[in-house]
Amino acid sequence: MMIGFRAGGGADTQARLIAEELEARLGWKFIPEQVTGKGGLNLANTLKNAPNDGTAIGLAVTETFGYNMAAANAGMTPDDFTGLTTTAGFQMGVVAQTAKGWTSFDEMVAAAKGGQDIRFGVMSPKLADLAYLLGKAQGVDFNIVSVKGGKGVMNGVNAGDLDVGFMAGIQAKGVDSGDLVNLASAMTTPLTQSPDAPTFADLGVGFAADGHFVFVGPAGMPDDARSAISQAIADVVSDDTTKAGGLIKKVFGGAATITGDDLTALLAKDFSEAEALMDAASD
C-alpha cells in the first residue's frame, strides 16, 4: 500500500487504519510505504509500473490524477490507473485564526482593501490558482504563500505566519474549539461544519477545490481483484464503528465512496477540466 502523504498526518493515519481493519477482517497483509512528493505524482509514477494483479495499490487524492497530472505534463493520464474507490471528500475551507478578529469572509476582504497584506497559505499549484482567482473576483491581491501540506498551512495560521489558508478537514478540531474559523467553503457545496460560510460560487469564482481521497492501482487490474478491493475498502470506511470509519466521520464528515465506472469518469473529468482552470489563472 503506497501512501502519497507524509507519515503521521491525517491521510497517512486513514490509510494505515484501513489496512489494519482489512487485515483483521480478511486476513490480507499490507505493507504500508510512504511515496510522497510532487502532489502525488511520485506515487503515481511508481504505482503505474507496479504489478496490476491487486498486490499494489496507492492512496492519493483525485487532484493528483486531475490538475497535478495535467499541469506537470508528466507523461501520464488517468488511463494509466485503475480507480478503486474514494474514501472521503474534502472539507476544503478558507480558514483563519479566530484571534484575527474576522468573523466572516467579507471582514477579511475589507481588511485587504484597507491595505492589510493578507498572507494566503496554499499547499498545491491548483489551490494557488484558486486563491489567485478568489482575490481577483474580490478585487484584492492576496500574498499567496506555498507551504508543504495541509498541516503546514494550519501550523502557519496558528503561528501567525499566515493570515488565512486552505485546509481540507484538518481544521475541524480547531473550529470546534473556537480557535479557528471557516471563512468560506472552497467547494461547490457548503462546509458540513460551517454551513453558513459562502461557497466559491457565492464569491464569484467559477472553479472549486472539490476532491476526494482515492485508492487506485495500475491500469488493467482484473475485474474480480478491482471489485474485491474496492468493496472491502468501501465497507471499512463506511462503518463508523471502525477506527478508520470513525476518523473519517470526525474529520471529513463521513465516508464518500465512488467506485467502478463512476470513479473512472470522475478521474477523467478532473483531468480534462484542469486546462480551463490553468487558462483562467493565467490572465
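Let me begin with R119, which at 26% relative accessibility counts as partly exposed, and please keep in mind throughout that what we are looking at is a predicted model. The side chain of R119 meets that of D163 in a salt bridge, with 3.0 Å from N to O, and this pair links distant parts of the chain, since R119 sits in strand β6 and D163 in the loop between α6 and β8, 44 residues apart.

D163 itself, at 2% relative accessibility, counts as buried, and its side chain also meets that of K100 in a salt bridge, at 2.8 Å from N to O. K100 lies in the loop between β5 and α4, so this pair ties together parts that are 63 residues apart in sequence.

How many salt bridges does the structure hold? There are 8, and among them is the one between E273 and K269, at 3.4 Å from N to O; these two are 4 residues apart in helix α10, and therefore separated by about one helical turn. E21, R25 and D239, for their part, are linked in a network of salt bridges.

Turning now to the strands, β3 covers residues 58-61, where G58 and A60 point one way and L59 and V61 the other, and all are buried. Strand β1 runs parallel to β3 and is joined to it by 2 bridges, with I3 standing opposite L59, while β10 runs antiparallel to β3 and is joined to it by 4 bridges, V61 having F213 as its bridge partner.

Finally, helix α1 has 17 residues and should span 24 Å at 1.5 Å a residue, which agrees with its end C-alpha atoms being 24 Å apart. Its buried residues include A11, L17 and L22, and the helix is followed by G27, whose phi is positive, near 75 degrees.

Note on methods:
Residues numbered from 1 in each chain as written. Predicted model: local features only at pLDDT ≥ 70, side-chain atom pairs only at ≥ 80, totals over all residues. Heavy atoms only, no water. Buried < 20%, exposed > 50% of the residue type's maximum accessible area, 1.4 Å probe, protein only. Pairing = 2+ DSSP bridges. Expected span 1.5 Å × (residues − 1).
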